[in-house]
Amino acid sequence: PQPNGGPPSSPGPPQSGGKAGGSYKVENERLFGEFLELCTHLTEEHPEVIPFLSGRHQKASPDFLASAELRNVLSRCLSRVRTRRNKVYVYINELCTVLKAHTLRRKLPLASAPPIAASPSPPQPPASPQPPASPVAGSSRPPSGSKRQIRYLENLLRVYMGEIRRLQERELDLAELDSEDSTYLQESRLKRKMMRIFERLCQLKQCSSLTGRVIEQRIQYRGTRYPEVNRRIERFINRPEAFPDYTDILKVIQKASARHSLGLARRQMESMAQDAFREVGNRLQERRHLDLVYNFGSHLTDQYRPGTDPALMDPELAKRLRKNRTVALTRLDDIISHYAQLQDESEEEE
């Protein structure tokens, strides 16, 4: 409504002047307030979500808070939440990701560098401000072609996204499953390319490549009474793509005991490894499950509504599904216990 409101009235010039200067601060604050108010009613069962979103908003760069990019993101998220209230957490996560990508954390070292350079008078200290100067020198390179590169990569992401949508809509027969160029493999390759393009975009924009996914959150481990063992296990399980087995955990505990001279007996270490293996496995599995719930999906299922679940209308089907879930969890626990026991026995034989 504001760009079209061009009649010669008193509110016209201030609006046009603000837009010409690239300032959308007032409009963005209004949109963010509406988004918060709407999400507050939809997330009453998780009251910690709204303060977290507000914190992300407060830490964002002032330039970004007054940008047209944020206005577009807020408008899109607000309109989608109004039409798809059951996906409110998806759009909150999307907004948090955008705000986190424009946080002020990266600018703090540059702001603190000048006082350090000004305080020492001898000629040696100027060598210390040089490392902070490297990001500045690095940031001076992108203007030569950064805007063109960013536009090109963003357009390339749109092209790949359209191609992925087309592949997801194709029919897949059984004969194509054995093909080395099946629809699934093509889609997987395009997604890997998109991830590399996204990382390159983050480098050009000088922002973090973290997306805010649950899988990126660090797991803290405090399962034993030895801080040295806890630190080593925590460092081990937070490695990328880490899903350790019982032997891995046992080796970590043995190394911690030898490194810090804890004097742990073999039986004690094996008992600690079994407990840690179960706890770590459950937490890693829970994290992956939450990540799948928040991120799994396709545009083909966007029209799905929870009220259309057949189990809601068929009590026998709902009972069968609950029974199957109980059986699955029981069998999974049995498998974990079985292989933990086998690995324990093989360690004793060796």
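How many residues apart are Arg267 and Glu270 in helix 13? They are three residues apart, which means about one helical turn separates them. We will come back to this pair after a look at the whole chain.

## Ground rules

This is a predicted model, so a pLDDT of at least 70 is needed for local features and 80 or more for side-chain atom pairs, while totals for chains, interfaces and linings use all residues. Residues are numbered from 1 along each chain as its sequence is written, and side-chain values use heavy atoms, with hydrogens and water left out.

## The chain as a whole

The protein chain has 15 helices and zero strands. Both are DSSP runs numbered from the N terminus, with helices (H or I) needing at least four residues and strands (E) at least two. Of its 350 residues, 32% count as buried. Here, buried means under 20% relative accessible area, exposed means over 50%, and partly exposed lies in between (1.4 Å probe, protein chains only).

Contacts are counted when heavy atoms lie within 4.5 Å. Among contacts with a separation of 6 or more, 69% join residues 24 or more positions apart. The accessible surface comes to about 23800 Å², and carbon and sulfur atoms hold 55% of that. These areas come from the Shrake-Rupley method with a 1.4 Å probe, and for residues only the protein chains shown count as cover.

## A nonpolar patch

Leu174, Leu177 and Tyr184 make a nonpolar surface patch of about 380 Å². Patch members have over 30% relative accessible area and no salt bridge; nonpolar side chains (Val, Leu, Ile, Met, Phe, Trp, Tyr) are joined within 5 Å, and like charges within 9 Å. Tyr184 sits in helix 10 (residues 183–205) and is exposed, with a relative accessible area of 54%.

## Salt bridges along the helices

Side chains of opposite charge can pair when their charged atoms come close. Across the whole structure, a search finds 12 salt bridges, each defined as a side-chain nitrogen of Lys or Arg within 4 Å of a carboxyl oxygen of Asp or Glu. Arg267 is exposed at 56% relative accessibility, whereas Glu270 is buried at 4%.

Helix 10 holds another such pair: Glu187 and Lys191 are four residues apart, about one helical turn, and their side chains meet in a salt bridge (2.9 Å, N to O). Glu187 is buried at 10% relative accessibility, while Lys191 is partly exposed at 40%. In helix 2 (residues 25–42), Arg30 and Glu34 are likewise four residues apart, about one helical turn. The closest N and O atoms of their salt bridge are 3.0 Å apart. Arg30 is partly exposed at 42%, as is Glu34 at 26%. Arg82 joins Arg30 and Glu34 in a network of salt bridges.

Arg287 lies in helix 13 (residues 266–295). Leaving aside neighbours within four places in sequence, Arg287 is in contact with Val214, Ile215, Gln217, Ile219, Ile237 and Asn238.
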